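Q: I would like to learn how to read a few features of a protein model. Can we take them in turn?

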Amino acid sequence: MTAPAKNIITRNYLLNMLEDGQFESGKLPGARKIAQTLNSSFLHTQAVMDALSEGGIFSSIPRSGTYVNPNWQNRILPGNIYADGDRLQEFLGSNLGLFEDNLPCLRLCRKFQKGTFELRVSHYLTSHYKEYLDLSEFLPECMPRRSDFYQEPLEAFRINGGLYGIPFIFSPRVVVFNRELLAEQGCSDPSEGWTWDEFMDKIKFLKQTLPSENIFLWSNFNHQWGTMFFRAGGKLFSSDPNSSDPVLMDSEKSLRAFSYFIELRDLLGLKDTMPEVRYHDEFFHGKCAFAVMTRQNLYQYHEINPELKLGAVELPYFPYGSEMNMMGADVLCIRRECMDRGQITEFLKFMLSAKIQNIAGTKGYGIPLRKKSAEACLTSENQEDKLFFREIAKTRLDYNIFFPELYKLVTDGMMGICTLPTAEINPSIKTLAEALRLFFRLNIGNGYSTKH
């Protein structure tokens, strides 16, 4: 790609200054001073500042100056790249310069909450898909040979025929355990193909010597309860668009599936959810036994404490459950506000290129969507890698939550239900299910469905 035009250089300079907190007073230097700093013309610099004012970043007041708008972080600017939790900065590290070299007209933002180009976690995208473009038309150019890429994770983001996201990296979920801590407690490592009962037996054994808050990370976040719920055969909604009842969360099978998660809570003796940050910090320091993780999580543990002796095993198998593994993914998506088809193509081609996918694989951050990049980083000598590779074929997304309103109802409702007394769990799930049915009935004809 060609070098960025002067307006891009000026624009990025101002936005970098903004994100670096250089405009703490709220007022920008005058256009003449900025022009002198950048060796640019006054008229050109003023035009860029005016454009950012029109975009809601600044406010220009005649004969007073240009000021920072208080809600600038929530504005969507052309060319801004947003990544949840600074994920791109984390895995690219010293390779960040590749963005400037290959995508000079785009900018990786740090403080904005949205971008026209985004890297989002899977559950956010599926519940907000109407905010994003259907990327189907870009696949032939960005993936000229579809067989070079894993198709199962890709198809998970096809909703009502449209492809609203492309996984940059993905991962199954596994149970990670601290080998040294288990040995110190006289507890054997879990074995391949273990069952829920065997998992619970280990929890009971460890409770004799360890506090519950150091045995297993139990929390009411959807990636925690959802992992066990779907594995045990539970479903929130039907994927059949012709179903007379789209809500399945209060079916006998789903109630049974959720009961396992509550059974674990009660065995641990918890009255409330565990603080995830505290548990992860304790796990980093070798003080905790078990946690459910993606390869992205495991990468962070190895980075912070490479001396930890960790093992990994597949999720336990449930009676009447399945081998289903709830995928965790960082997903490339483009907001509908983006009008530049050329930039979209260049961005997707770059992120899915062998060079960038190989960097992701080498870092160990998730599993690249490009097969050769994944196969190069998942070594047969590494037991954890062998497990992740084996679990790839089992990964799915079974949320069927495709709207922000549904997402909030389900996640907020289930977070509260997770902490209720056991006797109140099933009646509360049924109450939530009825509220969801009412939601569907009231919104017939407004595009609400669970069709995937």
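A: Start with the axes. An axis here is a line fitted to C-alpha atoms, for helices over the stretch in contact, and angles run from 0 to 180 degrees between N-to-C directions. Keep in mind that this is a predicted model.

Q: How are two packed helices described, and at what angle do the axes of α12 and α19 cross?

A: Two packed helices are described by the angle between their axes and the distance between the axes. Here the axes of helix α12 (residues 252-268) and helix α19 (residues 404-418) cross at roughly 45 degrees. They come within 11 Å.

Q: Which residues make the contact between α12 and α19?

A: From α12 come Phe258, Phe261, Ile262 and Arg265. From α19 come Met414, Ile417 and Cys418. By class, the contact of α12 with α19 has six nonpolar residues, no polar ones and one charged.

Q: Next, aromatic rings. How many aromatic pairs does a search of the whole structure find?

A: The search finds 27 aromatic pairs. Each is read by a distance between ring centres and an angle between planes. Take Tyr260 and Phe318: the centres are 5.0 Å apart and the planes are at 55 degrees, so this pair is tilted. Planes must be over 60 degrees apart to count as edge-to-face.

Q: Where in the chain do Tyr260 and Phe318 lie?

A: Tyr260 is in helix α12, and Phe318 is in the loop between β11 (310-313) and β12 (325-326). The pair links distant parts of the chain, 58 residues apart. Tyr260 and Phe318 are both buried.

Q: Is the pair of Tyr299 and Tyr365 stacked or edge-to-face?

A: Edge-to-face, because the planes of Tyr299 and Tyr365 are at 85 degrees. The ring centres are 5.6 Å apart. This pair also links distant parts of the chain: Tyr299 is in helix α14 (residues 295-304), while Tyr365 is in the loop between α16 (354-363) and β14 (367-368). The separation is 66 residues. Tyr299 and Tyr365 are each buried.

Q: Which residues do ring pairs link into a cluster?

A: The cluster holds Phe177, Trp194, Trp196, Phe199, Phe216, Tyr260, Phe290 and Phe318.

Q: Which rings have the charged end of an arginine over them?

A: Phe42 is one: the charged end of Arg32 sits 4.2 Å from the centre of its ring. Tyr317 is another, with the charged end of Arg231 over its ring, 4.5 Å from the centre.

Q: Now the backbone. What is the phi of Arg63?

A: First the background: most residues other than glycine have a negative phi. Arg63 has a positive phi of about 60 degrees, although it is not a glycine. Its place is the loop between β1 (58-61) and β2 (65-68). Arg63 has a relative accessible area of 88%, so it is exposed.

Tyr320 also has a positive phi, near 65 degrees. It lies in the loop between β11 and β12. With 63% relative accessibility, Tyr320 counts as exposed.

Q: Is Met228 buried or exposed?

A: Buried means under 20% relative accessible area. Met228 has 2%, so it is buried. It lies in helix α11 (residues 222-231). Leaving out residues up to four places away in sequence, Met228 touches Trp196, Phe216, Phe261, Val292 and Phe318. Of these, Trp196, Phe216 and Phe318 belong to the ring cluster, and Phe261 takes part in the contact of α12 with α19.

Q: Where is Gly79, and what does it touch?

A: Gly79 lies in the loop between β2 and β3 (80-83). Its relative accessible area is 4%, so it is buried. Beyond four places in sequence, Gly79 touches Arg11, Cys105, Leu106, Arg107, Thr116 and Phe117.

Q: One last residue. Which strand holds Met293?

A: Strand β10 (residues 290-293) holds Met293. At 1% relative accessibility, Met293 is buried. Its contacts beyond four places in sequence include Pro172, Arg173, Phe283 and Tyr301.

Key:
Residues are numbered from 1 along each chain as its sequence is written. This is a predicted model: local features need pLDDT of at least 70, side-chain atom pairs count only at pLDDT 80 or more; totals for chains, interfaces and linings use all residues. Side-chain values use heavy atoms; hydrogens and water are left out. Helices (H or I, at least four residues) and strands (E, at least two) are DSSP runs, numbered from the N terminus. Contact means heavy atoms within 4.5 Å. Ala, Val, Leu, Ile, Met, Phe, Trp, Tyr, Cys and Pro count as nonpolar, Asp, Glu, Lys and Arg as charged, and the others, Gly among them, as polar. Rings of Phe, Tyr and Trp (its six-membered ring) pair if their centres lie within 6.5 Å; planes under 30 degrees apart count as stacked, over 60 as edge-to-face and the rest as tilted. Buried means under 20% relative accessible area, exposed over 50%, partly exposed in between (1.4 Å probe, protein chains only). A charge sits over a ring if NZ of Lys or CZ of Arg is within 6 Å of the ring centre and within 35 degrees of the ring normal.
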